Amino acid sequence: MTSVLVVDDQDLIRAGLVALIHAAPGLEVAGEAADGLTAVAVAARTRPDVVLMDIRMPGLDGVAATERILAGAAGRTRILVLTTFDLDEYVYAALRNGASGFLLKDISPERLIQAIHTTASGDMIFAPSVTRRLIEAYTRGGSPAGPPDLLATLTGRELEVLRLVATGRSNADIAADLTLGEATVKTHLNRVMTKLGLSSRAQAVVTAYESGLVVPGTG
């Protein structure tokens with residue numbers, strides 16, 4: 001069973017999500033929260049596999065709650081952000097803090113359930129084109145945010161894998177591009193994430209752009 005913590009400050013939306021997860025095979029509700037501080041406390045107590053995180057809440061918002069939950073999760077919990085607008089600086093900040101992906105709140109129930117399972121398995125769930133559009137919107141025109149030696153610990157092959165991940169390719173695509181097995185690609189990506197202290201594939205994409213490895217507007 002995949003356990004899910006539901007976080008949303010709107011009672012009706014939160015109740016609907018809880019009911020949907022209760023009825024879905026393979027999912028169980030770990031708890032619910034109406035604000036970020038409560039979400040952090042419940043996550044620490046229940047250790048959910050996935051958190052459905054509302055991004056804009058009074059008090060502690062979803063960005064800060066994401067950072068705090070992941071800091072204490074030891075890699076177990078993954079965050080799936082719920083948002084009204086895909087081009088949202090709050091969503092970008094949440095991805096930068098380690099969220100695994102984001103969903104628009106008008107998603108169908110079927111796709112939401114599928115997205116939860118996909119997130120629990122460690123994959124991103126949004127289209128690469130949407131990811132790039134969001135990240136480029138908040139990095140275009142600026143200088144690389146990371147220090148010059150941010151990627152210095154990576155091997156040439158690891159840099160190649162990170163660059164291809166950032167341009168939207170799946171592990172299967174990367175394996176074909178580099179003539180490697182998918183398991184080898186996954187190993188390289190895991191090493192990248194360990195060396196750079198990253199907790200999600202989405203965070204790796206953000207890092208690739210902010211370090212200057214990938215330039216906004218290029219493939």
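Reader: Which residues lie nearest the centre of the largest pocket, and how many residues line the pocket?

Author: In this predicted model, the largest pocket is lined by 21 residues. Those nearest its centre are Arg78, Gly122, Asn190, Met193 and Ser199. The volume of this pocket is about 430 Å³.

Reader: What makes a residue count as part of the lining, and which elements give two or more residues to the lining?

Author: A lining residue has an atom within 4 Å of a point of the pocket. The elements that give two or more residues to the lining are E4 and helix H9 (182-196). H9 gives the most, with four residues.

Reader: How do the lining residues divide by class, and how is Gly classed?

Author: The lining of the largest pocket holds seven nonpolar, 10 polar and four charged residues. Gly counts as polar.

Reader: Why is H4 called roughly perpendicular to H10?

Author: Helix H4 (residues 89-96) packs against helix H10 (residues 201-210) at an angle of about 100°, and their axes are 8 Å apart. Angles of 65 to 115 degrees count as roughly perpendicular, and therefore H4 is roughly perpendicular to H10. On the H4 side the contact is made by Tyr92, Leu95 and Arg96, and on the H10 side by Ala202, Gln203, Val206 and Glu210. These residues divide into four nonpolar, one polar and two charged.

Reader: What makes H7 roughly perpendicular to H10?

Author: Helix H7 (residues 156-166) and H10 pack at about 100°, with axes 8 Å apart. The range for roughly perpendicular is 65 to 115 degrees, so H7 is placed in that class relative to H10. Leu162, Val165 and Ala166 of H7 make the contact with Arg201, Ala204, Val205, Ala208 and Tyr209 of H10. By class, this contact has seven nonpolar residues, no polar residues and one charged residue.

Reader: How do you know that E1 and E2 pair, and is the pairing parallel or antiparallel?

Author: Two strands pair if at least two bridges are found between them. Strand E1 (residues 2-7) and E2 have six bridges, in the parallel sense. Within this pairing, Ser3 has Glu28 in E2 as its bridge partner.

Note on methods:
Residues numbered from 1 in each chain as written. Predicted model: local features only at pLDDT ≥ 70, side-chain atom pairs only at ≥ 80, totals over all residues. Heavy atoms only, no water. 1 Å grid on protein atoms, 1.4 Å probe; cavity = no way out; pocket = protein on both sides within 12 Å on 5 of 7 lines; lining within 4 Å. Points joined across faces, edges and corners; volume = space filled by probe spheres on them. Axes fitted to C-alpha atoms, helices over the stretch in contact; angles between N-to-C directions. Parallel < 35°, antiparallel > 145°, perpendicular 65-115°, else oblique. Contact = heavy atoms within 4.5 Å.
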